[in-house]
Structures are given as C-alpha cells and as structure tokens.
Amino acid sequence: MSHKKQIFNPNPEFAKNAAIPSMDAYWELQNRAIEDYEGFWKGFADEKIDWLTPYDKVLDESNAPFYKWFTNGKLNVSNQCIDRHLADKADKTAILFEGDRGDVEHITYAQLSRRVNKMANLLKNEFGIIKGDRVVLYMPMIPEAAYAMLACARIGAIHSIVFGGFSAEALKDRIEDAKAKIVITADGAYRKGKPYMLKQVVDTALEQGVGSVEGVLVVKRNNEEINWVDGRDHNYNELITAQPDVCPFEEMDSEDPLFLLYTSGSTGKPKGVQHSGAGYILWAQMTMEWVFDVKGEDVFWCTADIGWITGHTYIVYGPLAAGTTTLMFEGVPTYPDAGRAWKMVQDHKVTQFYTAPTAIRVLHKMGEDEPKKYDLSSLKVLGTVGEPIDPPAWMWYYEVVGNSKCAIVDTWWQTETGGHMISPLPGATPIKPGCATFALPGIMAEILDPDGTPKEVGETGLLCITKPWPSMIRTIWGDPERYKKSYFGDAVKEGKAVYFSGDGAVLDEDGYITITGRVDDVINVSGHRMGTAEIEAAVKDDPSVAEVAVVGKPHPIKGESIFVYVVLKEGHINADIKNHINQLLAEEIGNIAKADHVIEVPGLPKTRSGKIMRRILRSIAKGEAITQDISTLEDPSIVEAIISKAREA
Ligand code: WT7
C-alpha cells in the first residue's frame with residue numbers, strides 16, 4: 001500500500017488547455033455551486049442545452065425526494081445528440097465502429113441522423129410506437145443499438161436495455177415489469193471470432209406469453225439461422241430501406257422519462273431506475289467535457305456494454321451530446337490476443353480510454369508489457385469505473401498504458417446517478433492511486449453518520465449526496481415507495497432525508513474521498529452489480545433447497561466472486577451441488593451470476609430472532625478467523641461445522 005502516499009500532479013502541457021485547468025478553477029466552480037446552487041445549474045443548462053421552449057424553474061423541491069429539474073422546459077435528446085451538430089459536424093465521425101473480426105465503419109453525424117430518423121419512422125410506422133411506450137432492447141454491441149436508443153428518444157418512447165448476458169427468465173421479468181410494447185434484438189453478433197446468438201433468448205422469454213409485447217424487431221448481424229415467428233418478428237434490414245429519412249422529433253418535457261435501466265438492490269427483484277431527459281443529458285455532456293476533457297478531433301473509447309449505465313452515458317449519450325467521436329467495439333479486448341485493445345488505441349488514435357478495474361487487471365495479467373508494443377501516444381486521459389481500483393493495477397495503468405503522462409480519472413458513480421459524481425479532473429486534480437478524490441463541481445457529496453453527523457478524517461461512513469442533482473434517478477418504475485425507501489431511508493441531514501448511495505467512503509487528511517465499497521447486500525462481480533437477495537431467491541426456487549445465503553468473496557481479478565451456502569431439505573442429497581446451483585443461476589439470472597463457490601452446510605448461523613449473520617459467512621468465505629461474538633447465535637456449533645465444510649471446498 002506504499003503507493004497510497006504518492007501523489008501524481010496533472011501533466012502541465014495537458015492542463016494548459018483543459019476545461020478545468022487547476023484546483024483553483026475547480027474551487028471557483030464548486031464555491032459558486034455552494035453559494036448559488038440553482039444559479040450554477042441555470043448557467044450550464046442555458047449554455048449547453050438546445051431548448052425548444054425555455055424552462056420556468058431550475059429545481060422544484062416541493063415534492064421531495066421526487067425532485068424536478070428545469071420544469072416545463074422542452075427539448076429532445078436526439079436533437080441534442082445529433083441534429084444540432086449537423087450545421088458544423090455533418091461529416092465528422094459520430095460512431096466509429098470496430099467489429100469483433102476487425103471490420104471498421106465510420107458513421108458520420110449526417111449518416112447517424114439518417115439512420116436514426118429511419119429507425120424512428122420504422123418504430124412509428126411498423127409498430128405504432130408513440131411517446132411514453134416502453135421499448136426493450138436486447139442487443140449486441142453494434143451501431144443499430146445506438147440507433148434504436150436515439151430513435152426512441154426522438155419519438156419519446158422510453159427504452160429499457162437489458163444486458164445481453166442476462167437469461168431469458170431475467171429478460172422476461174424486465175419486459176413484464178416495464179410492460180414493453182416491442183423488443184428490439186439481433187440474430188446475434190460475433191465474439192472471439194465466432195458468431196453467438198441472442199434472438200433465441202428473446203424467443204424463450206416470450207414463449208411463456210408476455211401480454212404487452214406486440215412485436216419483435218430483429219437486426220441481422222451474423223445471418224446465422226434463427227427461428228422466426230411470422231406476424232410477430234420483423235426484419236430490420238428489410239424494413240429499414242423503405243423508411244423515409246426524416247422523422248421530426250417530439251417536443252419532450254424536461255421531466256419526461258428518457259429511459260429505464262434495471263439494476264440490483266439489496267432486497268427483492270431488480271429495480272427499474274428511471275432517468276429523465278434534460279437533467280440527464282446535461283450532466284452526460286458536462287462530465288464528458290470536464291472529466292474526459294473531450295474536444296476537437298478526440299476519439300473517445302469506453303469499453304462498457306450498452307446494457308449498463310456506463311454504456312448509456314459514455315458510449316452513446318454523453319459523447320454524442322458533446323459532439324465527439326465515440327468508438328464502439330463489438331468484441332472483447334483480449335481477442336485475438338492481449339494486445340487487441342492497445343492495437344485499437346493505436347489504429348484509431350484513441351485519446352480517452354475508459355474501462356473497469358477488472359479489465360485492467362486482466363489486461364495486466366495477460367500482457368504486462370503488451371502496451372509497449374503499440375504506439376499509444378494519442379492517449380491523454382485514462383478512466384476507470386465500477387469498483388475500487390487497487391493501487392498495483394492503478395500503477396500499471398498509469399505507468400505502462402499511460403506512459404506516466406496521462407491523468408487517471410477514477411470515476412465513482414452509479415446507475416442511479418446517471419453520470420460521474422466523484423472523480424479527479426485530468427487537468428486539475430493531483431491524484432492518489434485508488435482514490436476517487438473530490439466531488440465534481442455542483443455535486444455535494446458528504447460522508448455521514450445516519451443522523452447526518454459528518455465523519456472525522458479516517459472514519460468510514462455513509463457516502464451521501466446531500467443536494468439533488470440534475471441527472472439523478474427520478475423514481476423506480478412503478479414503485480415510488482421503493483424509490484423513497486431505497487435511497488432516502490438511511491440518512492437524514494438537518495431534518496431532511498438525503499440520498500444514500502449504498503457505499504461506504506472515507507476522507508483523508510487532504511480532504512480526498514476514497515470509496516470503501518458497498519455497505520449493503522449488493523456485490524460487484526467483474527463490474528456487474530448483483531443483489532445477494534436476488535441470487536438467493538433464484539436458488540430458493542429449487543425444490544431441494546431449504547435455505548440459502550449468498551455473500552461476496554474478494555477475488556483478485558473479478559473484484560468479488562459469488563459464494564453460496566445452501567442447506568438442503570431433509571432427505572435430499574446432491575452429489576454435484578455446485579453444478580446444479582450454477583445451472584439454476586444461469587437459467588434464472590444469466591451466466592454472469594455463476595458462483596465460484598457453492599457449499600452444502602447443515603445450517604446457517606442465525607440469531608435467536610432468526611436473522612442470518614452474514615458477517616460471519618463473509619469471514620468464513622474469506623478464510624478469516626471469526627472475531628464476532630457467536631455466543632448469541634441460536635446454535636453456535638453450526639459455525640464450526642460451516643468452517644470445516646468451507647475448508648473442504
Ligand atoms: C456501484 C454502482 C457507474 C458505473 C458502473 C457501475 C461501485 C462504481 C466506482 C469507483 C469504487 C465504484 C460502487 C457503486 N463503483 N464506481 N470508481 N470506485 N467503487 O454502476 O452497476 O450502478 O454500480 O459500483 O459500489 O455503488 P452500478
């Protein structure tokens with residue numbers, strides 16, 4: 001941990017032209033926000049957004065925590081991302097696509113405009129999609145996924161993207177919850193040189209009858225043979241050609257929902273995080289300019305999947321709103337070898353590279369010196385997101401990938417926050433490895449006790465956001481009570497419920513914020529967020545299972561891995577419990593939810609009131625000595641039995 005003491009100052013050459021060029025400039029902005037919060041946001045909203053009708057109020061707090069921003073303003077997000085750029089950027093590459101097999105396509109803003117307009121017409125004309133309808137996307141990483149998102153935004157439909165790694169069952173649940181009218185998918189795509197299939201997952205999801213779905217739009221990408229349901233399935237490639245290439249955009253209210261994105265919570269089923277148009281797109285654009293400092297002919301590459309919030313904000317909406325070139329990649333960064341990502345940086349002269357710690361660790365492990373074989377001199381800013389980054393991975397990223405000249409922006413944020421919240425600014429912040437540093441200008445982050453008392457330096461507390469911000473979650477689709485309880489139920493400041501992130505954090509003596517990780521029952525596996533309760537619910541569906549408890553176990557590459565304790569019902573024996581449970585998890589959630597460890601135990605450690613002591617189970621999974629007092633357990637001897645089972649496994 002000796003790196004922790006090191007500080008890396010911004011590259012002075014870079015800082016000269018940076019959007020925020022110094023800590024003084026940072027504090028100037030942040031103090032302005034502290035002194036006049038609404039005025040701060042008004043300035044940027046007026047400058048950045050192409051308003052069709054001006055708003056009449058910056059922030060409406062009258063129905064807290066259901067905050068409203070830029071009330072009664074009218075805009076269209078697809079105008080913000082496309083149309084308004086056509087005057088001066090028609091021939092600039094908007095999306096630079098590289099396929100798994102190395103096929104490259106430059107899609108200019110003018111071409112993007114035509115394709116999005118056509119797709120918007122297709123949704124309207126073929127499916128009768130209108131403002132407010134929900135459209136589920138189950139898509140690979142191909143440009144048509146972005147066209148579909150923007151086409152929805154154009155006509156006011158609300159998209160809900162389901163990550164392609166989720167199972168049919170998980171897809172079905174999300175389609176049902178949103179009552180989607182159509183599903184947009186593809187036959188499949190390519191990964192590691194081979195075609196893979198997606199459409200069949202949609203078929204399975206819809207087999208059991210999902211009442212709301214009237215049609216499926218299928219993009220042909222790999223042209224493999226697929227099942228076709230006449231009347232329900234529609235061929236995008238055939239239908240799109242006849243569509244007119246002008247589709248006027250809807251005038252949307254600032255607060256009209258832009259999209260839903262399901263994410264896991266600490267209890268129950270996934271929640272449909274609802275984002276709005278104006279506040280979301282404003283912050284997506286501003287953070288591109290501040291945190292990634294995009295400008296001119298920059299080529300921005302975010303390696304996330306569009307199925308996650310990172311893909312929404314930093315592959316599609318943020319880069320396009322900022323008028324930059326966004327690189328979209330179908331494949332994986334380790335195929336055909338561990339140099340693929342670096343070759344792509346070289347080939348496309350990538351200027352900002354944004355990925356997850358788990359990917360950095362994989363690339364480091366597979367090819368420590370691989371970056372040195374390529375010309376990476378175009379790189380200016382390196383980003384990381386999704387989980388705390390360990391200092392060794394940080395140092396490799398900084399020294400070997402960035403050649404000790406690029407800033408590393410360790411961006412802390414969440415599906416619910418819409419965009420970055422805590423992050424270094426590449427031209428301003430002296431950075432410390434593994435540290436997210438400071439809240440961005442306009443963001444009021446505090447580390448608190450549940451009663452609102454600020455934590456002292458060095459004490460871990462609840463990471464809270466104490467003022468509403470434009471790109472925040474508006475509600476949970478169909479469940480406003482759960483929205484209140486999930487985010488505004490744990491901490492109160494000056495009598496007012498404040499947003500609690502679910503993360504712990506700590507301040508150091510210089511005021512730097514370090515994220516310590518989730519303090520609820522949410523775990524993070526390779527950057528994928530999962531609720532232990534959700535995994536437990538899937539396991540409990542098995543008729544042989546009496547009880548189950550799931551915890552996260554630290555993992556050197558994945559960050560965390562899934563550790564399952566199961567108690568079988570009397571008379572049930574399962575010789576291959578791990579395979580059995582993993583098959584179940586793959587079916588109910590998807591391959592991303594597979595457990596590294598599954599052990600059968602005679603019982604779970606419970607208090608006399610029946611509460612499972614997860615802390616004990618976490619310690620056992622880690623192989624740590626038990627320091628907790630176990631005398632209050634209903635049956636203290638169970639702990640020994642579990643420990644010996646865990647040792648065998
Ligand atoms: C959770 C949110 C937001 C994009 C990807 C994940 C963890 C995120 C960091 C970071 C430490 C981080 C938090 C957070 N997280 N970024 N820079 N340092 N932890 O989105 O699936 O909504 O997960 O990811 O625990 O709560 P998500």
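Predicted model: local features only at pLDDT ≥ 70, side-chain atom pairs only at ≥ 80, totals over all residues.

Q: OK. How many helices and strands are in the protein chain?
A: The protein chain has 20 helices and 32 strands.

Q: And what does the radius of gyration say about the chain?
A: The chain has 24 Å. A compact globule with 649 residues would be near 26 Å, so the value agrees with that.

Q: What does the C-alpha trace span along its principal axes?
A: About 75 × 65 × 60 Å.

Q: How much of it counts as buried?
A: 62% of the 649 residues.

Q: What share of the contacts comes from residues 24 or more positions apart?
A: 71%, taken over contacts with a separation of 6 or more.

Q: Switching to helices. How do α17 and α18 cross?
A: Helix α17 covers residues 532–540 and helix α18 covers residues 577–588. Their axes come within 9 Å and cross at roughly 115°.

Q: Parallel or perpendicular, then?
A: Roughly perpendicular; angles of 65 to 115 degrees count as that, so α17 and α18 fall in this class.

Q: Left-handed or right-handed?
A: The crossing of α17 and α18 is right-handed.

Q: Which residues meet there?
A: From α17, Ile535, Ala538 and Val539. On the α18 side they meet Ile581, Leu584, Leu585 and Glu588.

Q: What's the make-up of that contact by class?
A: Six nonpolar residues, one charged and no polar ones.

Q: Backbone next. Which peptide bond into proline 65 is cis?
A: The one from alanine 64, with omega near 0°. Proline 65 sits in the loop between β1 (57–60) and β2 (68–71).

Q: And what joins tyrosine 335 and proline 336?
A: A cis peptide bond, with omega about 0°. Proline 336 is in the loop between β17 (325–329) and α13 (340–348).

Q: What about phi at asparagine 223?
A: Asparagine 223 has a positive phi of about 55°, although it is not a glycine. Asparagine 223 lies in the loop between β11 (215–219) and β12 (233–235).

Q: Buried or exposed, that asparagine 223?
A: Asparagine 223 is exposed; its relative accessible area is 58%.

Q: And lysine 349, what is its phi?
A: Near 50°, a positive value in a residue other than glycine.

Q: Where does lysine 349 lie?
A: In the loop between α13 and β18 (352–355). Lysine 349 is exposed, with a relative accessible area of 59%.

Notes: Residues numbered from 1 in each chain as written. Heavy atoms only, no water. Axes fitted to C-alpha atoms, helices over the stretch in contact; angles between N-to-C directions. Helix = DSSP H or I, 4+ residues; strand = E, 2+ residues; numbered from the N terminus. Parallel < 35°, antiparallel > 145°, perpendicular 65-115°, else oblique. Left-handed = near helix turned anticlockwise from the far one by under 90°. Contact = heavy atoms within 4.5 Å. Nonpolar A, V, L, I, M, F, W, Y, C, P; charged D, E, K, R; others polar. Buried < 20%, exposed > 50% of the residue type's maximum accessible area, 1.4 Å probe, protein only. Rg over C-alpha atoms; globule rule 2.2 N^0.38 Å.
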